[in-house]
Amino acid sequence: MQNNEKLQDFMLVDEESINIRQQIEKYIFHWKWFALGFIISIVCAYMYLRYTPNAYEVSTTILIDDEGNGGLSSELAAFEELGIGGGNKKNIENEMGILKSRSLMTRVVKKLDLNITYFKEGSVRDTEIFKDELPFKTSFFIKDSTFFERGTSFTIKLLSDTSFELSNTDEKTGVTYTFGKSITQQYGDLIITPIDISKNDINTVYIINTAPLKAVVNNYIRAIDVSLLYKKASILELKLKSPVKLKAQRVLDELIRQYNKDAIEYKSLIGNNTDIFINERLELIEEDLRKVDKTAETFKTANQLTDIPLETGIVLQTNSVVEKEIIDLNTQLKLVNYVTEHMSSSAHSLIPENLGINSSDVNSNSTQYNTILLERNRIAQSSGKNNPVLLNLDAQLTQLRSSMSQGLANLKRSLSVSLDQAKSQERSIDSRITSAPKKEREFRDIQRQQQIIETLYLFLLKKREENSISLAVTVPNAKLIDAADGSNNAVSPNRKMIYAIALFLGLLIPFVIISLIFILDTKIHQQEDLEDILKTPIIGNIPKTLDDNKILSKSDRGNVAEAFRMLRTNMNFMLGNLKEQPKAIYVTSTVPGEGKTFVSINLATVLAMSNKKVLLIGADIRKPKVAEYLNMTEATNGLTVFLADNSIQIHQIIETAKNGDFDVIQSGIVPPNPSELLINGRFDEVLNYGKEHYDYVIVDTAPVNMVTDTLQIASKADLFIYLVRANYLDKRLLEIPKKLYNEKRIPNMTVVINGTDAKKGYGYGSGYGYGYGHEEENKSWFKRLTNRS
């Protein structure tokens, strides 16, 4: 046992360092897989980049008008005195939603004909071209609803600067047409006119595709990115990726134009409604003014009145102040009545602003009402009826309208009280004018009505002019900061990234495949696989061989021969306590096919080379292979005959091997009761005879996992060589030798690994096969890896 511990300590090295090196070597051995993965990944990346069109990113920045004064710029601030502007701050999120609304994008697509795309046919891939870069122009006559719902495709081949060939994509030949001629096709009438056709354009093929409008609009809504450039600012950045940089620039520019156009139209609603209201009132007041002027003219003519008497000058001067107050109060009452009538007749329309009503509450409420109503109508264009924002705005409008109605009613009552007081004061003054003729007083009544109507008429004319100025200086919602532009370098595909990812996958995929094969592989491949489970001494590694000659000769100097010589040395070390005594060495394995007979014969050969007398016994009497390996004739008097017939002598069943180096006892005829024969006592006679006449007795036994034959005769062994075939035996079966070793059912047990791969560091060279039973051909590196499982 001391020798066993020495050998085991001798064979164990730094486990961690060996494991790291061997883990690396496992993958390096399959370097061709990684090389193949690298080549395939690079080729795939190249083909992907070859056939994938470049995409360019274009961006533009705009400033959204959300100032507290309604967004008027500094240069227009002077118009505030005229009542222009006002309103609440805009919600940036709402503006972002409007910029990506379907209605707005639909107008952009129709304006730029984005549902029609143009491609220039190439040898590798077709290149998209914007319509402004084409050498010709395509015009569709009828763009009805069906035009925007269907998808068509046709090709145009330029034959000369005056003619072209038009064909559908599913047709091999087309029809030749002249530029400028109307063409009737199944997708509608069109006309194609030349713009700038050069010699390089001749024989060039262009592909024209039309797509459903709704699909194109949805694609652009998803493609355009609207984001807040700075957290506390009102600057929005719009980005769009497209294979055609010019096309992306036109789309963003047109989107901003349409957005501002809508904003101006919304802002003009208040001015337009106010203008209509003022013009309607002016028509009525003009008629009233004509009637009063005619009445004054008739009265003066009839009564021959030219001037006010001098004696009433002082009283009239005092009365003029009261009359002016009465005029102002009557004017305010009429304005209040006009606004009240307008609100009653138009429940959901805008309220005229800045008519001169002397009530700050009414004026501020009307301004706020119109602004909220405008904002509500704008948001309703891109949202549903149940939008929380709309419901909130409707509630505010109802509250403001109620507040305004109450305010107008209160103002009217206040004005009426003030007017009654003024008239009372006027009557008091009139009583003092006792000498004034009655006709003069009647004329003053007519003159007063004339002044009231004239004042109101002039006031409305002034307000109409102010409203016209307000309409003329209406500013858009968005101020363009940076026009749509982008780099000339494509943002996708990212070539460096694609090649990096391809290289990574090209190495990762083989690594994963090989790792999975290693994980799913349950075979024994290397010495460490045994050391993790078995604690028995490992005294040899026999490399695989493809040599047809399975038996060594004295002249052999190859890896297999050296491996068996090393096995002989280690075996003698294990048997050092027996020294010059005869030794019985048993060779067994877990399952058939692990090379027991191969190892037994060649071990006998190398022992005989050291001038030792060796007897090889074929104790695997169920499936004998010794005669086959040694090219000997099947013996009629083999071991089984000796065990069964007491009359047979041992020397009668001993033969000399064909090479003459050692003696052999063949297994003989396969008996019906092999287990009983091995335990009848006659086998002990064979072992005793062998130890008396030979230095070494090599016993080729049966696999321990199949039958009990080996265990029945194991107690007579001086050394047990337990054979494990690499790349063949399942790791789970190592529990069998482990159990036998722990339970000491096999004396002096050692392990020999057979069929190791010299290229992976086992054995002493390369180019050798298994060397037992059936030979394994020289397989390719691909088959060697896949056969591991």
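A salt bridge is counted here where a side-chain nitrogen of Lys or Arg lies within 4 Å of a carboxyl oxygen of Asp or Glu, and by this rule the count comes to 20 salt bridges. The model is predicted, so local features need pLDDT of at least 70 and side-chain atom pairs count only at pLDDT 80 or more, while totals for chains, interfaces and linings use all residues. Residues are numbered from 1 along each chain as its sequence is written, and side-chain values use heavy atoms, with hydrogens and water left out.

**A pair between two helices**
- E341 forms a salt bridge with R281, with 3.9 Å between the closest N and O atoms.
- This pair links distant parts of the chain, 60 residues apart, with E341 in helix α8 (residues 313-345) and R281 in helix α7 (residues 245-303); helices are DSSP runs of H or I with at least four residues, numbered from the N terminus.
- R281 counts as buried at 12% relative accessibility, whereas E341 counts as partly exposed at 47% (buried means under 20% relative accessible area, exposed over 50%, and partly exposed in between, with a 1.4 Å probe and protein chains only).

**Pairs within one helix**
- R290 and E287 meet in a salt bridge at 2.4 Å, N to O, and because they are 3 residues apart in helix α7, about one helical turn separates them.
- K324 and D328 form a salt bridge with their closest N and O atoms 3.3 Å apart, and both lie in helix α8, 4 residues apart, about one turn of the helix.
- K324 is exposed, with a relative accessible area of 53%, while D328 is partly exposed at 36%.

**A network**
- K596, D620 and D700 are linked in a network of salt bridges.
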